[in-house]
Amino acid sequence: MKKLILLLFSIVFSVSAIAQDRSVSGVVTDAQSGDPIPGVAVVVVGTNIGVATDNEGEYSLSVPEGRTTLQFSFVGYRTLTEQIGGRSEINVEMRLDLALLDEIVVSGYSAIPQRELTGSMSTVRGRDVQALDIVSPDQALQGRVSGSRVANLSGQPGGSTYIRVRGIGSINAGNAPLYIVDGVPISSVDRSGTLGSGSASNALNAINPRDIQSIEVLKDAAASAIYGAQAANGVILITTRRGTAGDTQFNLSANFGIAEEMNRLDIIEGPEWVELQYEAWETWGEFNNNPNWEATAPGFIGGWTLQDVADGNVPHYDWQDAMMRTGTTQRYDLSASGGDERTRFFISGGYNDTQGVAIATDMQRMNLRANIDHRANDRISFDLNVSASMTEQNGALQEGFFLGSPFFMAQFIRPTNPIFNEDGSYATEQLFNYNPLAANELDDRNSTQKQLIGSLGAIYNITSNLNFRTNWGLDYRTTEDVDYRAPESPAGASLGGYRFDANRNVTNFTTNQVFNYYNTFAEVHGVRALGGFEYRQETRETFSASGQGFPSGLFRTLQNAAEPLSVTGFGSEYRQASFFSRVQYDYDDTYLTNVSLRYDGNSRFGEDKRWGLFYAGSLAWRASNMSFMDFSNDWLEDLKLRVSYGVTGNSAIDNFASRQLFVSGGAYNNNPALTAGGLGNNLLTWEESATINLGLDWAILESRIYGSVDVYSRENSKLLLNRALPTDSGFGSLTENVGRVQNQGLEIELGAILVDRGGIVWTSEVNMTWQRNELLELTDGEDRQGNLFVGRPLTEYYMYRYAGVNPADGRGMFYDRNGNITYTPSTASDVADDDRQFVGDTQPNSFGGWFNRFNYRGFQLDFLFQGNFGQSSYNSFTGSFTDGAFFRRGGLIGNSRNRWTEPGQITSVERPYVNSSYPGRTGTFIESTKFLENAGYIRLKNVQIAYNLPVSLTEQIGIRSARVFAQATNLYTWTAYNGIDPEIVGTNNAIYPQSRTLTTGIEIGF
């Protein structure tokens, strides 16, 4: 009887248990590709019961009685809820949440949901960065972020990127944004100086783009004021990938590619060049009444005659072909991630080998990363981020009219000049006794950069709503530069060989201690607050030495120099201490506020003005939550209005700008002496940037259409400008805080899922920015300083207006200030007497990008258009080979065929002439609108096609996933610009050109 009772109790409790708990399982897949999604959080709504999907996207959990709903969530995807009903198997398809309303974003010492943002911020997702064929992560911002103008400064492998967030606000201080990688600010000082210019190297080359989780661009003061004195030019936050709990996953990728020149100047060939030279000499004879010009000419053009041209004896040598080549690239990356509930890790390594399109230029990079998170107990957790890299670049001289620059000399050398002698040795260039091919193949311009970026942090949970975080970060970089000119090369021959070595070390240390608080009261009052302290110290040390006299090019180390020339070195340091706080409040996810304060002290500024207060306040109203908007519940997901105002600072000046300086020099009473080198200013302080921003965010039709609009006005004041001093003071100027600059703009970002039918998904995103810049004030009410004018943009061209060629005699003409024709325009300090005029701007008045992605089953097609508009460029590089009275003895480009040849002819290209100036013409190479070109362009920046192999196939071969792809970069450009690349900023003086690349690769997960 007792056994029967026990049996009955067992049956009852078993039935009861079955009634109370039941098992539910299933698979979570991507709606676009059909691939399983690992790491999806599956939670029983109303409980703390939840699991994460495994590598196959599978899950299984027990659901208590009375619980009827499951929630599926994953970063970057729309959160789903499913009613369980009577089902025990629930399979779901998740779609990308392109509006990212629920995604967690990094925003100043903490992470918050994007829907709570009250400032202006743009985000580039990690998957979009990882897929690109780029060297540094900042290049991924081009064409994808409104308000941020991004351009590649050099085609040198590993070259730097130009980024300006909401315009140019400073004249003498820096205009680059603040870069922060995993909480560590990155220093950009003391990059390589031996590659021709600072633009040939990039401080972010240490960061592998495949390690990126996200990039956030903080644009207005509400978003960036928490960084205070460093945030006047915007902040770019780079977050790297972290591990997720689950089985260890490995990912291997291999890329291979080729590169070629995007564009090349049309150079006049040898025979036609000789004819043009004789035509120039004939003009000279006519203007100077010299009938013997024909006998004089051959001695200046290599002895060639017109009869040689007629007989077909004049050769043609293509120096552009000799100096350029087909580049190659190969890249390998391997990563591993995984862990358990207590410890998670992400470890990666990569190797990149890129051979540039210019001879003797390349880059090799090796990088390692380890990101580790460990939860010791319920109160304490740790995180460690370490990135180590070594980048070696071999470069060519660029930027400027240099004999050693392959980008200048390949166009400038006479096409009749042989490249090699008959015995195979390097031929000597006839005009300057130089051979740039020899210079680039025999000489070395090498830079090796070793960089360590790391941080160690810990979080202590004081209560469930309050925690304390400590973080210690280091950015350490050493740069070793070598400039070697062999005794056999043109540059080293006169010195018997020459070598210059420089070691530059930058130690950038930072630490911050932060309290974070979060709580919700009465289910509608949300409060977030933080407060903390930060300390930053940056130390620079440089040592250099040089020597000359080497036995041969086989001896290349400095110890082999017969004659030491110089040994120099210096050290410099600055420190900054900061106190900061931020409070956020939202009522019922409808009314949101944000107030931030930061108090900074910096050693760079005067003793009486080292501390400054920076602040911002913002409000947001989510109108879509209001009851009067109930009519839109079926289609309106989000509608948020934002307004903000704040003041940030600019501390990007020299460490000693405020100090009284002394320099060594001369002697007094036969002893070494010091002399005053500059006046100090104890009142010198930060430039300030005040920004007001109005914004609107929206998402409709379940986030199928989403976007934002921002209108802003940014005024920079207390500019660091020089006040002229009386000459009898012994000093030329004194640096003071005077002047104001204003930037205003309109930014639009718009995205949509245009098609989602039959397995085809078409996603499109477009952004556009319109901006204007104006100098509002200078020192002491001045209207002008040099080429800076109050009421005009900072970067506006001020030059003579070209009037074309006189049809009667072929000479170039100009307009004076009254619009009359002249051959000799005047230059004057008084604008009223100056014939120069405002004629264009180096900065575009608008720019943007258009990104598209097509998915069909396992296939994916991406393409990105990017463009600048309203931008001008003074193309002095091209102009050097077309001006009728300049460099006529060197190479010539095809535009010379449009020259004036007979009376009555209408053209803009002058009659050829051999001297530096026509009779009756002022100057040698008049800077005018003749060479000022519209540099606006639209570029098909990137195209990629990829295929993800079906899971059924990858399982058979024992791997988790496989993806093959091909992509092209800089595929095609639409522009009226006649130079090599309209994207390059400035005058285009012999910049290393960008290249067109084609890359194929494979990615394997296992």
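Buried here means under 20% relative accessible area, exposed means over 50%, and partly exposed lies in between, with a 1.4 Å probe and protein chains only. By that cut-off, 54% of the 1006 residues of the protein are buried.

This is a predicted model, in which local features need pLDDT of at least 70 and side-chain atom pairs count only at pLDDT 80 or more, while totals for chains, interfaces and linings use all residues. Residues are numbered from 1 along each chain as its sequence is written, and side-chain values use heavy atoms, with hydrogens and water left out.

**Whole chain**

Start zoomed out. The C-alpha trace spans about 140 × 65 × 65 Å along its principal axes. Colour by secondary structure: the protein has 12 helices and 51 strands. Helices (H or I, at least four residues) and strands (E, at least two) are DSSP runs, numbered from the N terminus. The radius of gyration is 33 Å, close to the 30 Å from the globule rule for 1006 residues, so the protein is as compact as a globular protein of that length. That radius is taken over C-alpha atoms, and the rule is 2.2 Å times the number of residues to the power 0.38.

**A five-stranded sheet**

Select β10, β15, β16, β13 and β14. In that order they form an open sheet with mixed pairing. Two strands pair if DSSP finds at least two bridges between them. β10 (121-125) and β14 (184-185) are at the edges; each has a single partner strand, so one side of each lacks a neighbour in the sheet.

Pick V181: its bridge partner in β16 is I238.

**Helix α4**

Select residues 270-287. This is α4, with 18 residues, reaching 26 Å from its first C-alpha to its last, close to the 26 Å expected. The expected span is 1.5 Å times one less than the number of residues.

Show side chains next. Buried residues of α4 include W273, W281 and W284. Their cover includes α5 (293-296) and α6 (306-310). Past the helix, stop at N289, where phi is positive, near 55°.

**Salt bridges**

A salt bridge is a side-chain nitrogen of Lys or Arg within 4 Å of a carboxyl oxygen of Asp or Glu. The whole structure holds 52 of them.

Go back to β10 and select R125. R125 forms a salt bridge with E765, with the closest N and O atoms 3.4 Å apart. The partners are distant in the chain: R125 is in β10 and E765 in β37 (residues 760-777), 640 residues apart. R125 is buried, at 10% relative accessible area, whereas E765 is partly exposed, at 22%.

Next, select D483 and R445. Their closest N and O atoms are 3.4 Å apart. D483 lies in β23 (residues 466-485) and R445 in β22 (residues 444-461), so the pair ties together parts 38 residues apart in sequence. D483 is buried at 8% relative accessibility, and R445 is buried at 18%.

Then find R642 and D697, which meet at 2.9 Å, N to O. The pair links β29 (residues 636-650) to β32 (residues 687-700), so parts 55 residues apart in sequence are tied together.

Technical notes. Contact means heavy atoms within 4.5 Å.
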